[in-house]
Amino acid sequence: MFDAFYLSEIESSLVRVLLVIGIAILLPLVFDTKNRWHRSGIFLVAGMLALRYLWWRITQTIAPLGWTWDCLASWSLVGLETLSIISSLSSFTILSRTRHRGEDATAQLNWWGDSDPPHVAILIATYNEELEVLERTIIGAKALNHPSIEVVVLDDGRRDWLKDYCAMKGVRYLTRSDNRGSKAGNMNNALQVLAADAVPPDFVAVLDADFVPHRGFISRTLALLKNPSVALVQTPQHFFNADPIQHNLGLSRSYPDEQRLFFDHLQPSRDAWGIAFCCGTSSVVRWGALQEVGGFPTESITEDYMLTLVLREAGWATVYLDEPLTEGLAPEGLKEYVTQRSRWCLGMMQIARSRVGPFAKNKLRLRDRWSVLDAGLYWLSTFPFRLAALTYPLLYWYFNITVVNAEVADVISYFGVYYFWVLLSINSIARGLVVPILNDVSQILGAIPISRAAIVGLFKPQGHPFKVTAKGGDRSKIVIQWSLLAPYLGLIVLTVGGLLIGIFSDWYAFNDAGQGKTVVLFWTLYNLIVLSMTILTFVELPREERHIADAPEPTTLVVGGVNTEVLIKTLTQDTMRISGQRYPLGTVGTIKLQDVGEVVVTVISETPDGARLRLQTTPEQREALLLRFYTEGGTPGVPSAKAAALIRDLARRLSFSE
């Protein structure tokens with residue numbers, strides 16, 4: 001039994017946590033997300049609580065110095081935690097400001113007036129993407145509303161069918177004899193060809209092969225390039241399909257994609273500090289600036305970030321326009337998802353060791369060096385610490401090694417207060433984007449290869465092979481990613497074993513770690529929940545549709561000369577589902593689609609409230625559908641978590657009813 005004094009200590013700690021939660025809940029009533037002082041205030045408190053927690057960890061919870069396993073384990077864990085907190089402090093500082101340039105873009109539209117509009121070359125670099133992926137990007141680029149553009153497809157796969165397709169669509173096709181320099185080398189080859197034209201472009205827009213521009217992409221970004229000191233405008237990346245976390249957990253309609261915090265909040269904050277950086281696709285660069293710095297740098301596989309630093313060193317500005325002006329295909333498989341992030345990590349380590357690294361002799365400003373350090377710390381601290389958090393409790397259960405020597409009341413008072421303040425503070429500016437457990441899962445999925453890339457890349461930055469992120473492909477079957485799953489399956493078995501030892505073993509003589517055993521017990525239970533969710537995410541569910549209509553659409557279906565009002569529930573490039581009237585299999589009719597016209601349809605299956613139809617579109621109608629799906633409208637996807645829907649969808653997935 002706990003004595004009265006001990007209970008009062010826990011109660012006192014819980015009161016502090018509840019007070020923090022109460023303040024954070026009331027914050028939206030007085031908090032202005034655009035006010036620098038308001039933002040600085042909440043993140044100053046977050047920083048102070050982080051330092052308070054770290055001081056407590058170092059001074060009260062770790063083993064005394066000595067040649068013991070307890071010392072090695074507890075000090076190594078607190079070392080990783082310290083790196084993670086330093087990274088968090090940097091993020092808090094960045095988030096204390098924000099900038100939104102939408103009004104500037106509107107005010108400066110068509111700044112060239114009666115003069116000839118700037119000529120823009122749209123570069124679409126491709127290597128192994130299939131036609132289904134490329135056609136929507138090419139068609140979308142052709143439909144841009146700027147009066148002077150040239151679409152240029154850069155094919156490092158040297159495919160004849162793509163050359164023929166480009167000729168049919170009236171876009172320029174370029175290739176080269178080798179793939180030297182990868183994507184950056186491919187684009188540099190295009191720059192050399194464009195430079196030899198009678199009239200080179202004034203600006204160059206970069207689109208990945210799977211990113212479709214909205215019609216206003218060029219006009220809105222060019223508006224910010226009125227300022228002659230601005231070399232590059234970056235816009236956010238949005239996705240028209242669910243990423244593997246959303247899809248495999250059944251959260252496609254209730255939980256945002258993993259990159260929303262970065263693109264919707266961190267990049268605008270970086271822009272306020274003057275350190276917004278290029279993310280490759282969905283950016284526009286001034287031709288003269290590119291020529292001055294010698295084109296796209298090839299020293300890093302993340303040439304986009306490095307281009308930012310090279311431009312900065314030359315005195316150019318890079319800015320961010322936080323408007324949804326493109327939408328692309330998120331990695332659909334976990335292997336592709338992990339490969340992409342490992343490549344980003346390796347590229348960042350290469351930059352850190354390059355001529356524009358934070359400690360190199362160059363002309364970068366102090367804030368640019370800080371920008372690189374911030375990004376490098378994120379990769380070096382976040383993912384190794386996640387792995388440590390999963391494995392260190394096992395040292396206690398299996399080897400009797402004291403990892404954390406702490407009272408429960410102190411854990412609540414120091415860690416609980418810090419954790420809830422940070423969680424609620426970030427969600428006060430990025431509402432619904434940081435969800436406990438799910439946020440952990442998103443970082444754990446690729447933690448092993450990303451940690452490897454961070455450490456190896458830091459010490460040996462060059463000479464590492466990397467894979468291009470695969471796009472498209474058959475996603476019609478359930479696939480279990482055993483190679484990625486295996487380490488976590490082992491961890492969950494060991495975690496369950498540790499719990500059994502801790503709960504039921506009377507003979508196991510644990511170290512006297514105060515209430516450290518209780519702390520590790522709750523820590524282990526949390527890890528068990530997170531690991532279970534992670535393992536569930538490695539079971540890849542089939543994907544039947546890649547684009548879903550934003551809202552039900554009323555229309556008319558004509559069958560045998562009879563007009564019937566129906567409701568389009570889902571619509572993709574090839575199929576649709578309707579409600580309001582049932583039809584037998586094989587029924588043929590026509591349906592009216594907005595911006596497309598009358599389309600011939602065939603019933604391919606019956607549903608309880610209607611039917612599923614296959615579209616038989618003409619080439620012109622198919623193109624019109626592509627434009628409707630990807631170049632019109634606002635922000636695709638889920639902007640923030642919807643609590644009730646998230647709980648419902650997660651419960652459905654956990655019950656295996658998906």
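pLDDT is the predictor's confidence in each residue, on a scale from 0 to 100. Keep that in mind, since this is a predicted model.

**Stop 1: the start of the chain**

Colour the chain by pLDDT and select residues 1–6. Here pLDDT stays under 50, and the model has 4 contacts for this stretch beyond four places in sequence.

**Stop 2: a chain of rings**

Next, show the aromatic side chains. A pair of aromatic rings is described by the distance of the centres and the angle of the planes. The count for this model comes to 20 aromatic pairs. Select Phe 262 and Phe 277: their ring centres are 5.5 Å apart and their planes meet at 40 degrees, so this pair is tilted. The two come from distant parts of the chain, 15 residues apart, with Phe 262 in helix α10 (residues 260–273) and Phe 277 in the loop between α10 and β8 (283–286).

Phe 277, at 11%, counts as buried.

**Stop 3: a ring cluster and two arginines**

Select Tyr 53, Trp 56, Tyr 414, Phe 415, Tyr 418, Tyr 419 and Phe 420 together: ring pairs link them into a cluster. Then move to Arg 97, which lies over the face of Trp 273 at 3.7 Å from the ring centre. Arg 341 lies over the face of Tyr 337, at 3.8 Å from the ring centre.

**Stop 4: helix α7**

Select residues 182–195. This is helix α7, whose 14 residues reach 20 Å from the first C-alpha to the last, close to the 20 Å expected. An α-helix has 3.6 residues a turn, so residues three or four places apart point the same way. With that in mind, highlight the buried residues of α7, including Met 187, Ala 190, Leu 191 and Leu 194. What do the buried residues of α7 pack against? Their partners are β1 (120–126), β2 (149–155), β3 (172–174), β4 (203–208), α11 (287–292) and α12.

**Stop 5**

In soluble globular proteins, nonpolar side chains tend to be buried together. The largest nonpolar core here has 78 residues, and Leu 123 and Tyr 488 have the most contacts inside it. Helix α13 (residues 334–352) gives the largest share of this core, 8 residues. Another core, of 61 residues, lies apart from the largest one, with Ala 205, Ile 218, Val 601 and Val 603 among its members.

**Stop 6**

Select residues 482–504 for helix α18: its 23 residues should span 33 Å, and its end C-alpha atoms are 31 Å apart, which agrees. Tyr 488 is one of the buried residues of α18, and Leu 491 and Gly 498 are also among them.

Finish at Thr 518, in helix α19 (residues 516–537). At 31% relative accessibility, Thr 518 counts as partly exposed. Draw a distance to Ala 406: the two C-alpha atoms are separated by 9.1 Å, although the residues are 112 apart along the chain.

Methods. Residues are numbered from 1 along each chain as its sequence is written. This is a predicted model: local features need pLDDT of at least 70, side-chain atom pairs count only at pLDDT 80 or more; totals for chains, interfaces and linings use all residues. Side-chain values use heavy atoms; hydrogens and water are left out. Rings of Phe, Tyr and Trp (its six-membered ring) pair if their centres lie within 6.5 Å; planes under 30 degrees apart count as stacked, over 60 as edge-to-face and the rest as tilted. Helices (H or I, at least four residues) and strands (E, at least two) are DSSP runs, numbered from the N terminus. Buried means under 20% relative accessible area, exposed over 50%, partly exposed in between (1.4 Å probe, protein chains only). A charge sits over a ring if NZ of Lys or CZ of Arg is within 6 Å of the ring centre and within 35 degrees of the ring normal. Contact means heavy atoms within 4.5 Å. The expected span of a helix is 1.5 Å times one less than its number of residues. A nonpolar core is a set of buried Ala, Val, Leu, Ile, Met, Phe, Trp, Tyr and Cys residues joined through side-chain atoms within 4.5 Å.
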